[in-house]
Amino acid sequence: MAKMTVSEITALETKERPYKKAVDTGLLIRVATSGVKSWIVTYVIDGIQRDYPLAKPWGKKSDDGHLSLADARTESEKIRALARTGIDYQIKLENERLAEIKRVADEAAAAIAKTQAETLRQKQIEAENLTVQNLFDAWVPDTDRKDKGAEIRRLFQRDVLPIVGGKALKSLTEKDFRAILNTVVERGSNRMAVMLLSDLKQMFRWAEKRRPWKSLIEDNPVELLEAQKITADDYEGNERTRTLSASEIKELADKMPKAGLLIRTEIAMWIMLSCCCRIGEIIKARWEHVDFEARIWTIPKENAKNKNEHKVFLSDFALIYFHRLRELSGASAWCYPDAKDETHVCLKSTTKQIRDRQLTAQGRAPMSNRSKRADALILSGGDWVPHDLRRTGATMLQPLGVTPEVIERVLNHVEPDKLKRTYQTYDYADEKREAWRLLGDRLSLILNRADNVVMLRTA
């Protein structure tokens, strides 16, 4: 076919309708009614002809808005050459467009990820440097005290924050807080030191359950501090002597079912009282430790405070509560399984339930998200803690004729005299069995309103 020249293209005039003219092989020029002359390249892919309009209209010379005849021929040949190899130019352009979109998106995503990583790194750096003051400021509004934390602020601003307020949480040790508490004790404020230790423990336990604080407290620096070992030896608050009277035991039996306690918490209290055990010993117990047929609960050495295995002979009274507990725990291996049945419940959960129902005795309001029955378990003799039940059980054994020697072994106390501990190794198994029986019978009588009856030892 004849190839058109620049002069011939220039001479093309407009008509009533748009029309096309062949300029070269596979290259057409379209003349619009407006006079604009645009390029069209035709090519064949898989036996099908396709048209592709070039981006710029015709012009005698190529510039930003026009494409010359020579450059149009070059573009046409390039597109048709690709077609001969099976490549559709328009699909190629679309693929390139999508690839560019993906590239831009990837770059944007990478930039965002980089920004997020930098932000996270910055937060980690900031978290690493969080101080006691930062923790205190976050914790105080959540303490839910009647005075809105005024007393806590006063205590901490006087004795704690000036000393360790600027220290990073990760750098804290038990020594830091022992020194603070010792200073308070040295100025004669034993009670203040006890209160301060309690608040410090509450603050760090709060932090152990929340981010970002929990990641900064690998070892709670106040968890192992004890008021008895910090305060002066002559401080009367060091030693609890609270025991429940027979009337208070009956009162407790009346109040517990109405206090909103978990049933297994009620059972724990009666087991503590009738077995003279510690709260941790019953909470950590597994059913493999309880022999119902022999009526023996073995407290393994790892569960005992003194690391000595202890066998508790179960009275009729105690056995009833172990049977009830067995029904509640179902197929679990634990007497007090946690929600996931992976271990026992928190050692503090039972004590917290008892304490929350006696807060008014301490002049405190109910805590948020906790029981509102802040006076449900206060007895006529005042408030009490679970460990007082162990002391009560031991005290009840005395008028029943049980000797101090046997009571000490019922309590699984370590013999302080090394010579006696070494040379007098009799286990008092029969005497202990009788002691627990007497205690169980006495409790049964008390709860049956027959507390005027005293059980005598059998020969």
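Which strand and helices each supply at least two residues of the lining of the second largest pocket? I find strand E7 (310–313), helix H16 (404–410), helix H17 (418–423) and helix H18 (429–447). Helices (H or I, at least four residues) and strands (E, at least two) are DSSP runs, numbered from the N terminus.

Ground rules before I go on. This is a predicted model, where local features need pLDDT of at least 70 and side-chain atom pairs count only at pLDDT 80 or more, while totals for chains, interfaces and linings use all residues. Residues are numbered from 1 along each chain as its sequence is written, and side-chain values use heavy atoms, with hydrogens and water left out.

**Pocket**

I looked up the volume: about 510 Å³ of space lies in the second largest pocket. Of the 22 residues lining this pocket, the closest to its centre are Arg409, Asn412, His413, Tyr426 and Asp427. My note on the term: on a 1 Å grid over the protein atoms alone, a pocket is an open set of points where a 1.4 Å probe fits, with protein on both sides within 12 Å along at least five of seven lines, and lining residues have an atom within 4 Å of a point. Grid points are joined across faces, edges and corners, and the volume is the space filled by probe spheres set on the points.

By class, the lining has five nonpolar, seven polar and 10 charged residues. Here Ala, Val, Leu, Ile, Met, Phe, Trp, Tyr, Cys and Pro count as nonpolar, Asp, Glu, Lys and Arg as charged, and the others, Gly among them, as polar.

**Cores**

Next I checked the largest nonpolar core, which has 61 residues; Ile271, Cys275, Ile282 and Trp297 have the most contacts inside it. Helix H11 (residues 263–275) gives the most to this core, with eight residues. Apart from it lies another core, of 34 residues, including Leu155, Val160, Val184 and Ile217. A nonpolar core is a set of buried Ala, Val, Leu, Ile, Met, Phe, Trp, Tyr and Cys residues joined through side-chain atoms within 4.5 Å. Buried means under 20% relative accessible area, exposed over 50%, partly exposed in between (1.4 Å probe, protein chains only).

**Strands**

I traced an open sheet of four strands, in the order E1-E2-E3-E4, with antiparallel pairing. Its edge strands are E1 (19–24) and E4 (48–57), each pairing on one side only. Two strands pair if DSSP finds at least two bridges between them. Strand E3 (residues 37–45) and E4 pair over seven bridges, and Val44 has Gln49 in E4 as its bridge partner.

Then I went to strand E6 (residues 296–299): Ile296 and Thr298 point one way, Trp297 and Ile299 the other, and all are buried. Two bridges join strand E5 (residues 290–291) to E6, antiparallel, with Asp291 opposite Ile296. E6 and E7 pair in the antiparallel sense over four bridges, and Thr298 stands opposite Lys311 in E7.

In the hairpin of E5 and E6, with four residues between the strands, Arg295 takes a positive phi near 60°. Lys307, not a glycine, has a positive phi of about 65°; I place Lys307 in the loop between E6 and E7, exposed at 53% relative accessible area. Tyr428, not a glycine, has a positive phi of about 55°. Tyr428 is in the loop between H17 and H18, but is buried at 19%.
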